[in-house]
Amino acid sequence: MTILSVKGLSKSYEKFKLSDVSFELDKGFIMGFIGRNGAGKTTTIKSLLGLVKPDCGEVAMFGKNFYENEIDCKQELGVVMSGVECYQDKKLSAVADVTSRFYKNWDGDAFKNYLKKFSLDENKRIKELSAGMKAKFLLALALSHGAKLLILDEPTSGLDPVSRDELIGIFRELVKDGSRSIFFSTHIITDLEKCADYITYIKDGRILESTDIESFRSGYRAVSGGSNELAPELKEKVIGLREHKFGFEGMIKAADAALFDVETAPISLEEIMIHIERGEQDEEFVI
């Protein structure tokens, strides 16, 4: 079952344009939404949630048109946005009380259980929480009304490695029974490798690729060789090419690699992103 469907989402600003963004997420899976800062991750999330009005496009959640059924959809939707700093002087219990008024399925017992699970004290004030504790608290709020889809904008940003690992573990546990899905944006690629089933890559406001994570990773190979091996035909295919006095290095699509007699090797998600963002133009890099 498709729990989130985005088709042709576009939004234009004076210096940035989100163009024809499309992807789908099925029930019971985690999708990582990646791209460098400024690529359009937050604009996409705000557009699909109606926080900014898109110029065009369709968004469906739980089989319903989101813009036509926003109130109903939000009852089953949990959202955690980065950079939101509200109710700093309020206790966690007070913030939960305000939040509960917006959801007909709010479960106070579930909220208390999540606080216990996440080792949070409801009598603490928001300003007393660390970044990791804030992330867990916002997640507890999102889960306590029975949300089936979690949309998270940079949820692990600013967290220390231990806190990030704990949060990623929580993500994996939440989708284990197949009843929930998580869509989260990040530029921390190692987080994806620990939990994501699918990956959607946005670059300069356009979706570069949306597929399962293994297909994405296996679609590229690291490539290197001596200067005499860098024929013009190969040079055109190398992504993020760097030439040095000993030869060259870069990345090539797996399908293209089969066309050349050249040394290739498996490549990590982080290296793929680095090469893609470095671009397909040749760079002189003398060591």
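User: Why does arginine 217 count as partly exposed?

Analyst: Its relative accessibility is 22%. Buried means under 20% relative accessible area, exposed means over 50%, and partly exposed lies in between (1.4 Å probe, protein chains only). The value 22% falls in between, so arginine 217 is partly exposed.

User: Where do these values come from?

Analyst: This is a predicted model, in which local features need pLDDT of at least 70, side-chain atom pairs count only at pLDDT 80 or more, and totals for chains, interfaces and linings use all residues. Residues are numbered from 1 along each chain as its sequence is written, and side-chain values use heavy atoms, with hydrogens and water left out.

User: What makes arginine 217 and glutamate 193 a salt bridge?

Analyst: The closest N and O atoms of the two are 3.5 Å apart. A salt bridge needs a side-chain nitrogen of Lys or Arg within 4 Å of a carboxyl oxygen of Asp or Glu. Arginine 217 is in helix 8 (residues 213–218) and glutamate 193 is in helix 7 (residues 189–195), 24 residues apart. Here helices (H or I, at least four residues) and strands (E, at least two) are DSSP runs, numbered from the N terminus. Glutamate 193 is partly exposed at 37% relative accessibility.

User: How many salt bridges does the whole structure have?

Analyst: The search finds 15. One of them joins lysine 117 and glutamate 173, at 2.9 Å from N to O. Lysine 117 lies in helix 4 (residues 108–117) and glutamate 173 in helix 6 (residues 161–174), so the pair ties together parts that are 56 residues apart in sequence. Lysine 117 counts as partly exposed at 46% relative accessibility. Glutamate 173 counts as partly exposed at 42%.

User: How do you know that arginine 36 forms a salt bridge with glutamate 277?

Analyst: Their closest N and O atoms are 3.8 Å apart. That meets the cut-off, so the pair counts. Arginine 36 lies in the loop between strand 3 and helix 1, and glutamate 277 in helix 11, so the pair ties together parts that are 241 residues apart in sequence. The bridge also belongs to a network of salt bridges that links Arg36, Lys203, Asp204 and Glu277.

User: Why is glutamate 277 called buried?

Analyst: Its relative accessible area is 17%. That is under the cut-off, so the label is buried. Arginine 36, at 46%, counts as partly exposed.

User: Which residues is glutamate 277 in contact with, leaving aside its neighbours within four places in sequence?

Analyst: They are Arg36, Tyr201 and Lys203. Contact means heavy atoms within 4.5 Å. With tyrosine 201, the side chain of glutamate 277 also makes a polar contact of 2.7 Å. A polar contact is a pair of N or O atoms within 3.5 Å; within protein, one must be able to donate a hydrogen and the other to accept it, and residues adjacent in sequence count only if both atoms are side-chain atoms.

User: In what order do the strands form the open sheet?

Analyst: The 6 strands run in the order 6-7-8-3-9-10, with mixed pairing. Strand 6 (77–80) and strand 10 (206–212) each have a single partner strand, so they stand at the edges.

User: What makes strand 9 and strand 10 a pair?

Analyst: Strand 9 (residues 198–203) and strand 10 share 6 bridges, in the antiparallel sense. Two strands pair if DSSP finds at least two bridges between them, so these two do. Tyrosine 198 stands opposite aspartate 212 in strand 10. Helix 11 (residues 269–278) packs on the sheet, touching strand 9 and strand 10, and its direction makes about 20 degrees with that of strand 9. For such angles, axes are lines fitted to C-alpha atoms, for helices over the stretch in contact, and angles run from 0 to 180 degrees between N-to-C directions.

User: Where is phenylalanine 62, and what is its phi?

Analyst: Phenylalanine 62 sits in the loop between strand 4 (56–61) and strand 5 (64–65). Its phi is near 60 degrees, a positive value in a residue other than glycine. Its relative accessible area is 12%, so phenylalanine 62 is buried.
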